[in-house]
Structure formats: structure tokens, C-alpha cells
Amino acid sequence: IECVASGSGIDPSESPPRFVVGNITRDYSTVWYAGTMVHDAAHSRLYKKYLDAHPGQAVPEDVWGRTGPSAEKTALAVQEVALTEMGAPQSDIDYVRQILNNPQYQTVPYSERWW
């Protein structure tokens with residue numbers, strides 16, 4: 001885990017994968033922070049599944065990460081379940097549901113994401 005001022009995400013190409021977390025995400029709440037770890041672990045899992053199925057090939061970013069709407073929806077769905085199971089405030093769960101169903105969220109360039 002690498003703490004930074006802003007920006008959160010995962011680099012699943014590293015071993016072990018490196019989770020980068022910004023102040024806003026890290027400081028919001030412990031349960032939210034845990035949910036973001038689950039979210040990014042889902043991205044890492046997608047990366048590994050692709051590698052396992054395509055040995056020796058580069059993993060396209062849209063398969064696992066920031067630019068892949070399908071990958072982001074998968075990670076958000078996993079995060080929603082995790083937050084629910086951890087007893088997160090309903091407002092946090094509702095926020096994840098809202099962005100899960102917002103196609104514009106899926107297209108925000110990584111460099112422009114404040115979270």
C-alpha cells in the first residue's frame with residue numbers, strides 16, 4: 001500500500017500488486033477504505049485471470065482497469081457487496097450503486113479522477 005496525496009488505484013503488474021491510495025479515500029472512513037481495497041483487488045483479479053488465460057501476452061488495460069467500463073462495473077459490484085457485508089453506512093452503499101449505474105463515471109480519464 002502506497003499512500004499519496006491524491007489518486008487511488010492499483011498496479012496489478014507488480015508483484016505483489018501495489019495499491020495506491022489518496023488522502024480523500026484513506027481518510028473518509030475505515031470501512032470505506034477497506035471497500036476500496038476490495039474494489040482494487042477485483043481489478044487485480046481480472047488482470048491475473050487474463051494472464052492465466054493468455055500466458056505471455058500483455059494484459060490490455062480495458063480488460064482489467066481504469067479504461068474498461070466492464071472491469072470498473074465488476075469492481076464496483078464487488079465493492080458494493082463488501083460494503084454491505086461490512087455494515088457500511090447506507091449512503092456509502094448508495095453512492096457505489098449510483099456510480100455503478102452511471103456510464104459517464106466509467107469514462108472519466110484516470111488523470112482527472114479526484115478520488
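How much accessible surface does the chain have, and what share of it belongs to carbon and sulfur atoms? The accessible surface comes to about 6,600 Å², and 56% of it belongs to carbon and sulfur atoms. Please note that this is a predicted model.

**The whole chain**

Begin with the chain in cartoon view. Six helices and three strands make up its secondary structure, and their order along the sequence is β-β-β-α-α-α-α-α-α. The radius of gyration is 14 Å, close to the 13 Å that the globule rule gives for 115 residues, so the chain is as compact as a globular protein of that length. Of these 115 residues, 37% count as buried.

**Glu 14 and Arg 18**

The structure holds seven salt bridges. Select Glu 14 and Arg 18, whose side chains form one of them, with N to O at 3.1 Å. Glu 14 counts as partly exposed at 30% relative accessibility, and Arg 18 counts as partly exposed at 29%.

**Arg 97 and its partners**

Next, select Arg 97 and Glu 80, whose side chains meet in a salt bridge of 2.4 Å, N to O. This pair links distant parts of the chain, since Arg 97 lies in helix 5 (residues 90–100) and Glu 80 in helix 4 (residues 69–85), 17 residues apart. Is Glu 80 buried or exposed? Glu 80 is buried, because its relative accessible area of 16% is under 20%. Arg 97, at 36%, is partly exposed.

Arg 97 and Asp 94 are three residues apart in helix 5, so about one helical turn separates them.

Technical notes
Residues are numbered from 1 along each chain as its sequence is written. This is a predicted model: local features need pLDDT of at least 70, side-chain atom pairs count only at pLDDT 80 or more; totals for chains, interfaces and linings use all residues. Side-chain values use heavy atoms; hydrogens and water are left out. Helices (H or I, at least four residues) and strands (E, at least two) are DSSP runs, numbered from the N terminus. The radius of gyration is taken over C-alpha atoms; the globule rule is 2.2 Å times the number of residues to the power 0.38. Buried means under 20% relative accessible area, exposed over 50%, partly exposed in between (1.4 Å probe, protein chains only). Accessible areas come from the Shrake-Rupley method with a 1.4 Å probe; for residues, only the protein chains shown count as cover. A salt bridge is a side-chain nitrogen of Lys or Arg within 4 Å of a carboxyl oxygen of Asp or Glu.
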